[in-house]
Amino acid sequence: MTHALVIGGTGMLRGATLRLTQSYDRVSVLARSRSRIEQLAARGERGDGVIHPLVVDYTQESLLHDAIAEALNDHGPIELVVSWIHSSAPDAHKIIANQVGSKLKQTGERCRWFDVLGSAMADPSSEKKNRIEEFLYWEKIDYRAVILGFVVEANSSRWLSHSEISAGVIKAIREDLEMSIVGQVHP
Ligand SMILES: NC(=O)c1ccc[n+]([C@@H]2O[C@H](COP(=O)([O-])OP(=O)(O)OC[C@H]3O[C@@H](n4cnc5c(N)ncnc54)[C@H](OP(=O)(O)O)[C@@H]3O)[C@@H](O)[C@H]2O)c1
């Protein structure tokens with residue numbers, strides 16, 4: 001069974017989550033609102049329970065640990081992670097990567113982790129470098145960064161739309177881009 005995990009998959013990543021339901025047997029979607037996950041699942045073309053709700057607040061570390069353990073136990077190793085995690089949970093990725101990585105050590109498989117990051121991460125002095133180095137610790141996880149920029153139109157700029165963000169994430173996954181920028185980060 002192929003298994004993907006989308007952290008924060010009911011907001012701007014909704015489109016990406018739905019796209020992944022076409023290519024993975026199970027897509028575990030982590031967010032606090034069960035109803036928003038269920039609304040998303042109802043929009044999927046495959047109405048066969050492909051979306052597995054992981055209803056948890058990722059700032060609650062022990063509950064987060066339990067939710068990931070449940071997903072791994074129920075649906076097997078995770079081979080793709082897409083994460084959009086607010087700075088209010090600076091250690092959430094470590095809790096998740098520890099469990100995903102341990103499971104992969106048992107099976108010998110690998111996981112690609114697409115980390116969606118705000119535009120501040122494009123600054124070379126930012127913590128992006130630390131993030132890449134951190135992920136070297138999990139030898140079965142291949143880290144990919146997707147940086148969200150903005151769109152310049154007729155001498156003004158705007159934020160990316162949800163569909164632009166989701167399309168950029170799917171492109172990064174499809175082309176397996178180690179580092180990609182959706183839109184642009186410099187004027
Ligand atoms: N460069 C850009 O263009 C750019 C960059 C960043 C953001 N934005 C814009 O800013 C808007 C707001 O961003 P947003 O961060 O609110 O993103 P969002 O993707 O709209 O929503 C956040 C996602 O994470 C989940 N989430 C939030 N806090 C959580 C928690 N503590 N535990 C578990 N899941 C949690 C939410 O579900 P629950 O609420 O159910 O938990 C939801 O699925 C976006 O709609 C986007 O358009 C634009």
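This tour moves through a predicted model, from the ligand site to the aromatic residues and then to the salt bridges.

**The ligand site**

Select the ligand together with the 20 residues around it; T10, R32, H86, G149 and H162 come nearest. By class, this shell consists of 9 nonpolar, 8 polar and 3 charged residues.

A side-chain N or O atom of H162 is 2.6 Å from an oxygen atom of the ligand. At G149, a backbone N or O atom lies 2.7 Å from a ligand nitrogen atom. On its own the ligand has 890 Å² of accessible area, and the protein covers 79% of it.

**The aromatic cluster**

Now select W113, F135, Y137, W138 and Y143, which form one aromatic cluster. The whole structure contains 4 aromatic pairs. Centre the view on F135 and W138: their ring centres are 5.2 Å apart and their planes stand at 65 degrees, so this pair is edge-to-face. Both of these residues are buried.

**The salt bridges**

The structure has 8 salt bridges. Begin with R110 and D142, whose side chains meet with an N to O distance of 2.8 Å. R110 belongs to the loop between α4 (92-107) and β5 (111-117), and D142 to strand β6 (residues 141-148), so the pair ties together parts that are 32 residues apart in sequence. R110 is partly exposed, with a relative accessible area of 40%; D142, at 22% relative accessibility, is likewise partly exposed.

Proceed to R144 and D176, a salt bridge in which the closest N and O atoms are 2.8 Å apart. Because R144 lies in strand β6 and D176 in the loop between α6 (162-174) and β9 (179-182), this pair ties together parts that are 32 residues apart in sequence. R144 is buried, at 10% relative accessible area, while D176 is partly exposed, at 32%.

Finally, select R158 and E164, which form a salt bridge with their closest N and O atoms 2.9 Å apart.

Key
Residues are numbered from 1 along each chain as its sequence is written. This is a predicted model: local features need pLDDT of at least 70, side-chain atom pairs count only at pLDDT 80 or more; totals for chains, interfaces and linings use all residues. Side-chain values use heavy atoms; hydrogens and water are left out. A residue is near a molecule or strand if one of its heavy atoms lies within 4 Å of it. A polar contact is a pair of N or O atoms within 3.5 Å; within protein, one must be able to donate a hydrogen and the other to accept it, and residues adjacent in sequence count only if both atoms are side-chain atoms. Accessible areas come from the Shrake-Rupley method with a 1.4 Å probe; for residues, only the protein chains shown count as cover. Ala, Val, Leu, Ile, Met, Phe, Trp, Tyr, Cys and Pro count as nonpolar, Asp, Glu, Lys and Arg as charged, and the others, Gly among them, as polar. Rings of Phe, Tyr and Trp (its six-membered ring) pair if their centres lie within 6.5 Å; planes under 30 degrees apart count as stacked, over 60 as edge-to-face and the rest as tilted. Buried means under 20% relative accessible area, exposed over 50%, partly exposed in between (1.4 Å probe, protein chains only). A salt bridge is a side-chain nitrogen of Lys or Arg within 4 Å of a carboxyl oxygen of Asp or Glu. Helices (H or I, at least four residues) and strands (E, at least two) are DSSP runs, numbered from the N terminus.
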